Amino acid sequence: MKLLQAQTTQDGSAKLLSMKARPMTGVDEETAVNALKECVQSLPTPAREVWGALSTGEMLTRYFTLPSEDLDELKAMALYQLDGTLPYPIQECVTSVKPLGPAGEATRVLVAVVHRPNVERLIRICQRAGLTLTGIVASSEAIGCWHRACWPSVQGSSPAGWLVADITREGLDLGVWVNGSLIYMRHVLGAVGTAEDLTTRFQETLQAYSKEQVGPPVEQVTISGGSKGFEFIPLERLESNLGLPIHRVDPQSSPFKGAFSAISQALSPEVSFSELLGVVCAPRLLEIDLLPVESRQEQARQVLFRELRRTALLVSLSMALFLVWVGVEMGGTWWQLRRAQDQINLLEPQAARVKAIAASIQSVERARQDYAFQVELLGNCTKHLLPGMTLQFLGLEADQAVTLRGTAPDLTVLTQYAAALREEPVWKEVDLRSAKSQREGGSSATDFELVLQPKSPRTR
Amino acid sequence: MKPNRSLTNLGIALGWGLFVIVGVRLVDSGFGFWKKQRETLSQAQEQVKRLQGWLDVEKPLRERQGEVCGSLGRVSGTDLSWAAVQGLQKVAQEQGVSVTQLQPSRTSGQGPEVLHLDTRIEGRLEQVSGLVQRLPEFLPGIRLDSVQFVPQGGNRIQALLRLSLSLLEH
């Protein structure tokens with residue numbers, strides 16, 4: 001059981017955090033779960049994405065030339081072609097279809113097929129160990145990614161046809177890359193004993209690749225594996241046997257040199273992490289996706305429910321906060337209202353006293369004005385008295401009407417007096433109530449009574 | 001879909017609908033109550049401000065009352081009759097007019113208590129006239145309800161005055 005943890009950044013660079021390998025005493029699921037749990041518990045940080053690698057040995061590959069450009073159509077056609085050519089029903093398989101080369105009337109596609117129980121077993125083991133798989137990749141493709149990342153720039157651009165090989169105790173994982181894309185993969189079981197043995201396996205692979213006619217001839221070979229696996233292999237002899245240049249992918253000269261060398265000291269030199277390192281190198285470039293659609297749907301459903309739960313929680317929290325805020329505001333309003341009412345109760349008697357003072361001032365001033373007006377009325381009555389006229393009675397009534405009783409020499413004088421009064425702006429009406437002429441001795445006199453209605457001071 | 005499943009879904013939908021309607025009504029009425037409370041608070045605060053404004057002008061108003069009302073502003077209750085009689089006598093003395101009759105009476109309705117003074121005075125025309133003119137100086141707020149001037153022969157005159165005076169402060 002091998003587990004590697006890396007931290008990748010937006011710009012594509014990666015930093016290795018941990019590389020763990022645990023020997024498994026058996027091949028049953030329980031043992032695998034326990035071994036994985038052990039590895040997971042020793043990880044420095046929780047993982048955000050989890051990628052699984054399936055050995056190429058667990059896969060079947062088929063090539064078809066199909067008349068379509070549409071990927072969905074290509075997939076449907078490929079599955080139709082596959083039906084009946086596999087050792088198990090297509091319904092029991094997980095498939096990944098990858099177009100090779102340009103799409104057109106004859107599109108060449110690679111179909112990777114895995115028996116569904118194998119994939120489900122991997123998913124189950126991961127789930128029981130607390131990991132949810134983001135994707136499952138083929139080990140050959142991951143190894144190719146790793147070799148591509150390690151291709152030294154001093155040797156120029158990577159060759160067009162390229163055989164990548166990873167040597168492990170279980171056997172060889174092989175793949176052919178053309179223009180940065182995996183077009184052929186193969187797994188050879190059994191440990192590699194000698195250089196001749198390795199040469200034979202390479203030659204068989206190259207012949208099988210050539211027979212499939214899926215790409216250009218191989219120009220370069222790169223090999224990787226546990227550091228112990230290389231000790232006995234003389235690369236020069238291998239090169240001369242194969243007639244191809246061979247480059248060894250050395251972890252010590254890789255882009256992860258610093259991190260890898262620090263960690264690799266703690267590892268068994270027999271263990272190869274090439275496939276896992278390949279996943280770290282370019283997880284986004286991996287095109288063979290073996291995670292079943294149902295698992296993706298289940299993951300999407302879980303993510304949706306998680307988001308919904310989070311949203312509901314956020315909405316509830318926001319509502320609760322809002323209601324608390326409203327409650328606090330309402331409480332504050334109630335408290336302020338109560339204080340204001342207390343203040344009103346306290347201030348009202350004091351303000352009423354002040355209002356009474358203001359009212360008394362107003363009352364006195366109005367009384368003064370009225371009084372002055374009344375005095376003016378009385379003065380106005382006597383101001384226009386003509387010679388020979390006398391007043392016997394001058395009365396100011398409650399409605400401010402003035403009653404005048406007096407004597408005038410004759411009616412002409414009385415009329416002149418009344419006319420003079422009417423000219424005055426203070427009077428609204430000048431009414432003659434009575435006029436009676438009397439003759440006593442040689443002189444005559446007219447007794448009269450006038451009622452004068454003054455104008456209001458404001459309308460004058 | 002089985003019938004019991006449909007009924008369950010219908011029940012859930014109705015429950016949610018009822019919950020939403022009741023919730024919206026509750027929130028709506030809560031906000032309505034709060035809005036009303038805030039309006040009441042605003043009115044109360046304005047009233048406090050107005051009352052505070054009255055208290056702020058208390059001092060200048062008292063000073064003004066002192067100027068306008070004089071000693072009569074501090075008179076209360078039964079002292080009003082005596083204050084009025086004293087004021088009338090004082091101005092009569094100053095004008096050289098004799099007060100021949102003085103009849104105070106009181107009325108009190110819903111407003112402040114009012115003192116009525118039926119007064120008969122005699123003197124020369126200018127003396128009586130001067131008394132009538134100067135009365136407000138000695139008795140601030142006095143009102144002339146009615147007056148009759150009756151010549152007495154020569155330059156003398158008799159005046160029947162009905163005056164009224166009310167308490168300025170309670």
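Visitor: What ipTM does the predictor give the complex?

Guide: This is a predicted model, and its confidence values come from the predictor. Chain A averages a pLDDT of 86, with 93% of the residues at 70 or more, while chain B has a mean of 84, with 89% of its residues reaching 70 or more. For the complex, the pTM is 0.56 and the ipTM is 0.77.

Visitor: In which helix of chain A is confidence lowest?

Guide: Where pLDDT is low, the predicted coordinates should not be read in detail. In chain A, confidence is highest in helix H3 (residues 116–128), at a mean of 93. The lowest mean, 57, belongs to residues 257–264 of chain A, that is, helix H7.

Visitor: What pattern does chain B follow when read along the sequence?

Guide: Chain A has ten helices and 16 strands. Chain B has four helices and four strands. Read along the sequence, the elements of chain B give α-α-α-β-β-α-β-β.

Visitor: What percentage of the residues of chain B count as buried?

Guide: Chain A has 460 residues, of which 43% count as buried, and it exposes about 24,200 Å², with 52% supplied by carbon and sulfur atoms. Chain B exposes about 10,500 Å², with carbon and sulfur atoms supplying 55%. Of the 170 residues of chain B, the buried share is 34%.

Visitor: Among contacts in chain B between residues at least 6 apart in sequence, what percentage join residues at least 24 apart?

Guide: In chain A, 64% of the contacts with a separation of 6 or more come from residues 24 or more positions apart. For chain B, the corresponding value is 60%.

Visitor: Why is the pair of Trp151(A) and Trp162(A) classed as it is?

Guide: The structure holds nine aromatic pairs over all chains. In the pair of Trp151(A) and Trp162(A), the ring centres are 5.2 Å apart. The planes meet at 65°, and planes over 60 degrees apart count as edge-to-face. The pair is therefore edge-to-face.

Visitor: How many residues apart in sequence are the parts that this pair ties together?

Guide: Trp151(A) lies in the loop between helix H4 (139–150) and strand E8 (161–167) of chain A, whereas Trp162(A) lies in strand E8. Trp151(A) is buried at 11% relative accessibility, and Trp162(A) is buried at 2%. The pair ties together parts whose separation in sequence is eleven residues.

Visitor: Over which ring does the charged end of Arg405(A) sit?

Guide: Lys2(A) lies over the face of Phe273(A), at 5.9 Å from the ring centre. The charged end of Arg405(A) is 4.3 Å from the centre of its ring, and that ring belongs to Phe393(A).

Visitor: What is the phi of Gln213(A) near?

Guide: Most residues other than glycine have a negative phi. Asn179(A), in the loop between strands E9 (171–178) and E10 (181–189) of chain A, has a positive phi of about 50° and is exposed at 64% relative accessibility. Gln213(A) is found in the loop between helix H5 (195–212) and strand E11 (220–225) of chain A, and is exposed at 65% relative accessibility. The phi of Gln213(A) is also positive, near 55°.

Key. Residues numbered from 1 in each chain as written. Chains lettered and ligands numbered in written order. Predicted model: local features only at pLDDT ≥ 70, side-chain atom pairs only at ≥ 80, totals over all residues. Heavy atoms only, no water. Phe/Tyr/Trp six-rings, centres within 6.5 Å; stacked < 30°, edge-to-face > 60°. Helix = DSSP H or I, 4+ residues; strand = E, 2+ residues; numbered from the N terminus. Buried < 20%, exposed > 50% of the residue type's maximum accessible area, 1.4 Å probe, protein only. Lys NZ or Arg CZ within 6 Å of the ring centre and 35° of its normal. pLDDT = per-residue confidence, 0-100. Contact = heavy atoms within 4.5 Å. Areas by Shrake-Rupley, 256 points an atom, 1.4 Å probe, with all protein chains shown as cover.
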